[in-house]
Amino acid sequence: MTSAHAETPQNKPLDSGATPVEALTRAVHDSFDATLASLKDLVAIPGIAWSSFDPSELDKSAEAVSALVKATGMEDVRILRCDKSDGTPGGPAVVARRPAAEGKPTILLYAHHDVQPPGDRGLWESEPFVAEERDGRLYGRGAADDKAGIMAHLAAYSAATKVLGEDFGLGVTFFFEGEEEAGSPTFRTFLEEHRELLRSDVIVVADSSNWKVGVPALTTSLRGLVDGTFEVRVLDHAVHSGMFGGPVLDAPTLLSRLIATLHDDEGNVAVAGLVGRDEVAVDLAEADYRADASVLDGVRLAGSGTIASRLWTKPALSIIGMDVPAVDVASNTLIPAARAKFSMRLAPGQDPEAAMDALRRHVESHAPFGAKVTFTPGERGDAFSTDTSSAAARVALWALGESWGVKPVEMGIGGSIPFIADLLEMYPEAQILVTGVEDPDSRAHSANESLHIGDFSHAVVAEALMLARLNAEGLAG
């Protein structure tokens, strides 16, 4: 499966030119055991930015990352944080900057060192915070998302500076966030307070995935996001289900009827006014999607159009939580109110505010049996698309192909990285690239998260090649 984009003078593949491909590849491989060992050390630190977890572990994570950055030779290394809106401190970010030589561009390399909670430990086949190698993969929380992104940046930078020496004049800024998995609550404030420190010509966000094991990808589109809750209320208080049941339906039943209106009979999102399109450059085989998503045999896939369009260029609406009594503590009463939390992914081109308003109108106009519906909006995030004809994108695609030895895929991702909109607004002239070290079986956020070690090595080589090429040619092409 390859990209359907036609080759033009702007996107015609580059050749190796004067980039020392063999020397950079050898430098990455020579230090790869040490890179992997450092990644294992980072996995051992349970740095979680959620308020219900020990904040000292997040501080330990930042200190460990800071030490690794200093080991690359970077001198200006800082641990910075901003306060949240409630006055509590945000997660610690590690920032380091190497100024550009005269006439050279600056590249910002982003990843995050905080991780998701481990969840149900009984679902893990090994301890989540003890990195373990099995069958060519490295298992552990953060092994892929996103501590491998940090190590890819550091190892690539080390290889480039080692091989190029004094000829390496590219400006490099490391920005390793410490609260991404908690929704980046201070990201915008952080950018505003450190705008000049982070100012760059190219920004690489290493928090995405490749097409599959053995085939690299540049993420060229991301869906936007809106979330929130809606509540259905029918009674002032709970009443006996036998004495009063029949003339009035309980809130969980009416909430279920409301949720059922969100999709049509085929499973397409049925909210009027949302943007969506069918055109995609590549597609996914249904069998591959079913295997990657662990869809049970016999379960029919939802929606219409190609699998890729349903994942990348159309909206997706999910109910991710419900407040109703648990079965084990249920009593024989009519439940007066029930609440659901929604997460809606938005196609590129969709305004988040318009999407939130469309969903609000739908929920309020479909209130079943005249129930009182309360809609509470939550987070909003813009979609993203890459200009693949830009100089940085062309260099990245060349580097990926050179490292893996196969043509990279220009692919969309169904997920969202809302803070990219902040980067675009603060640095409108910057060329933003979204790369990653994951693959469809990495299971980020899930039990048994893992990293394909061979592809991790390729990712480091690719980034080293990209740094060297940008150092030599800048952004003129």
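Modeller: Partly exposed means a relative accessible area between the buried limit, under 20%, and the exposed limit, over 50%. Keep in mind that this is a predicted model.

Colleague: Which class does E353 fall into?

Modeller: E353 is partly exposed, because its relative accessibility is 39%. R380 is also partly exposed, at 36%.

Colleague: What joins the side chains of R380 and E353?

Modeller: Start with the general idea. Side chains of opposite charge can pair when their charged atoms come close. Here, R380 and E353 meet in a salt bridge, 2.9 Å from N to O. R380 sits in strand 14 (residues 372-381) and E353 in helix 11 (residues 352-365), so the bridge ties together parts 27 residues apart in sequence.

Colleague: How many salt bridges does the structure hold?

Modeller: The structure holds 20. Some share partners: R188, E192, D422 and E425 are joined into one network that way.

Colleague: Are R141 and E449 buried or exposed?

Modeller: Both are buried. R141 forms a salt bridge with E449, and the closest N and O atoms are 2.8 Å apart. R141 lies in the loop between strand 5 (137-139) and helix 4 (147-164), while E449 lies in the loop between strand 17 (431-438) and strand 18 (450-452), so the pair ties together parts 308 residues apart in sequence.

Colleague: Which residue pairs with E125 in a salt bridge?

Modeller: R134 does, at 3.4 Å from N to O. Now read the accessibility of each partner. E125 is exposed, because its relative accessible area is 62%. R134 counts as buried, because its relative accessibility is 18%.

Key: Residues numbered from 1 in each chain as written. Predicted model: local features only at pLDDT ≥ 70, side-chain atom pairs only at ≥ 80, totals over all residues. Heavy atoms only, no water. Salt bridge = Lys/Arg side-chain N within 4 Å of Asp/Glu carboxyl O. Buried < 20%, exposed > 50% of the residue type's maximum accessible area, 1.4 Å probe, protein only. Helix = DSSP H or I, 4+ residues; strand = E, 2+ residues; numbered from the N terminus.
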